Amino acid sequence: MKVAVHGIFLAFFLIVQATWLEAIAVFGVKPNLFIIYIVTLSCFCSKKEGAITGFFFGIMLDFVIGKALGLNAVLLLALGFLTAQFCEKVIRKNSVLIVMLITLITSVCYELFYYVVSFVGDLEFKSVFFRTLLPECIYNSLMTLPVYFVIKKLSNRLWVDKGEIIG
Amino acid sequence: MRKLFKNKAALWLIVLVIILGIAVGILNATKNDTTIFENVTNIIVTPVQKLFTNIGHGVSDFFGYFSDVDKLRTEIDALKAENSELKKEINQNESSRLENEQLRKLLNMKQGNTEFELEAASVIARNPSNWYNTFTIDKGAADGIALNQPVVASGNALVGRISEVGTTWSTVSVITDSEHAAGAQIVRSGEFGICEGDSGLAADGNLRLSFVSKNANIIVGDTVVTSGLGGIYPKGLVIGKIYKIRPDIQGISQYAVITPETDIKNLCAVFVIKNPLD
């Protein structure tokens with residue numbers, strides 16, 4: 001059941017991220033549904049599930065982007081694992097604001113790492129930071145709001161074993 | 001936070017991610033080939049993306065209709081008046097139209113001998129990431145599309161080049177992408193330069209004309225075309241118009257900001273030139 005739910009979200013994000021999301025781009029920047037989903041999900045599920053889901057979402061995103069194959073897979077795997085670990089060990093009771101903050105921080109780490117690995121030396125950091133990185137991270141954080149409530153609703157059915165940490 | 005790093009697995013994972021990330025970045029720096037997994041994924045995904053893009057256009061047209069209804073009413077009244085005037089003019093212009101038609105036929109014949117072999121394609125998806133300015137079209141190797149073939153919009157306006165080819169899909173790297181560069185020439189003065197994507201300018205849909213000497217004869221409004229140098233683009237494809245001229249940081253040369261000839265962000269259809277250097 002869980003795998004089917006993740007599969008549906010993955011298929012939906014693969015399609016929508018490259019098509020409809022263009023319509024809600026602000027200053028040419030669109031949110032990254034993959035980061036939002038993996039981070040929010042990882043606040044409700046186990047480290048193992050966060051890491052495995054992150055890896056599969058990342059590798060599929062790599063196939064569609066067609067550049068730096070494996071980079072998103074590695075990054076989303078780490079994001080899923082570390083977020084789940086953080087929520088389990090540090091935050092006992094999560095809330096939408098905490099998850100939004102975690103999304104903001106993890107998005108900054110993700111995008112900075114992506115920049116360092118793929119573009120450092122080619123793209124001017126100041127321009128990238130203010131024109132792409134920062135707007136996307138803020139946008140991701142805001143878009144966490146609807147995703148959080150969808151996953152929270154689903155978590156009551158699918159991730160009952162970690163129900164005690166749900167706020 | 002200390003609790004997080006008490007677990008050695010978390011620390012090892014961070015180290016592993018850094019090593020793997022750097023390895024992936026280095027290995028992919030010169031990647032041009034499409035892997036079988038990429039090809040299969042995109043063969044499955046692109047038809048659905050095409051459907052979603054079409055639905056998106058439909059929805060935007062639908063809501064656009066309602067928001068413009070008041071404007072349209074006033075426009076209809078004005079158009080009715082204009083229509084009656086135009087009917088009178090049509091009769092007067094009939095002889096001119098016939099002459100024009102004949103001239104157009106002659107022009108088409110001439111163009112037919114020198115024009116490129118074009119393959120029309122629809123834009124079905126944009127790159128999911130904010131880092132790359134690329135889009136996917138619905139034509140691939142099965143339609144004769146090959147790597148580095150130039151992509152143009154109407155009026156031979158340069159859009160970019162094919163950067164990846166799948167069986168039924170291809171990726172176009174657009175001229176505003178930071179990984180894109182093309183030899184350029186200013187039509188009025190014949191000055192040469194390199195047209196390249198710039199992350200700072202791409203957000204506004206513009207690109208940069210670099211390597212222009214300080215004393216070069218360029219002015220705002222100059223038309224920039226491909227120079228034909230570099231082995232990818234034929235000479236004379238329209239890149240855009242010079243919008244701003246700025247001195248370089250070192251002060252020994254200057255660069256210009258170019259506004260592309262075509263609105264790349266809102267393109268729905270393009271042409272791929274299949275015989276660019278014939």
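Which element gives the most to the lining of the largest pocket? Hold that while we look at the interface. The model is predicted.

Start where the two chains meet. On one side, 47 residues of chain B are in contact with 49 residues of chain A. The area buried between the chains is about 4200 Å². Carbon and sulfur atoms give 68% of that area. Three residues, B:Pro128, B:Asn130 and B:Trp131, supply 20% of the area that chain B buries against chain A, more than any other three residues.

B:Asp204 forms a salt bridge with A:Arg131, with the closest N and O atoms 3.2 Å apart.

Next, the side of chain B that touches chain A. Helix 1 (2-6), helix 2 (8-28), helix 3 (36-67), strand 1 (118-126) and helix 5 (199-202) of chain B each supply at least two residues. Helix 2 of chain B has the largest share, 12 residues. By class, this side has 22 nonpolar, 17 polar and eight charged residues.

The largest pocket has a volume of about 1100 Å³. Its lining holds 49 residues, and the closest to the centre are A:Glu22, A:Gly28, B:Arg126, B:Asn133 and B:Lys265. Helix 6 (125-158) of chain A is one of the elements that give two or more residues to the lining. Among the others are strand 2 (134-137) and strand 11 (253-260) of chain B. The answer to the opening question is helix 3 of chain B, with five residues. The lining divides into 22 nonpolar, 19 polar and eight charged residues.

Definitions and conventions
Residues are numbered from 1 along each chain as its sequence is written. Chains are lettered from A and ligands numbered from 1 in the order in which they are written. This is a predicted model: local features need pLDDT of at least 70, side-chain atom pairs count only at pLDDT 80 or more; totals for chains, interfaces and linings use all residues. Side-chain values use heavy atoms; hydrogens and water are left out. Contact means heavy atoms within 4.5 Å. Buried area is the accessible area (1.4 Å probe) that two parts lose on being put together, summed over both. A salt bridge is a side-chain nitrogen of Lys or Arg within 4 Å of a carboxyl oxygen of Asp or Glu. Helices (H or I, at least four residues) and strands (E, at least two) are DSSP runs, numbered from the N terminus. Ala, Val, Leu, Ile, Met, Phe, Trp, Tyr, Cys and Pro count as nonpolar, Asp, Glu, Lys and Arg as charged, and the others, Gly among them, as polar. On a 1 Å grid over the protein atoms alone, a cavity is a set of points where a 1.4 Å probe fits but cannot get out, and a pocket is an open set with protein on both sides within 12 Å along at least five of seven lines; lining residues have an atom within 4 Å of a point. Grid points are joined across faces, edges and corners, and a volume is the space filled by probe spheres set on the points.
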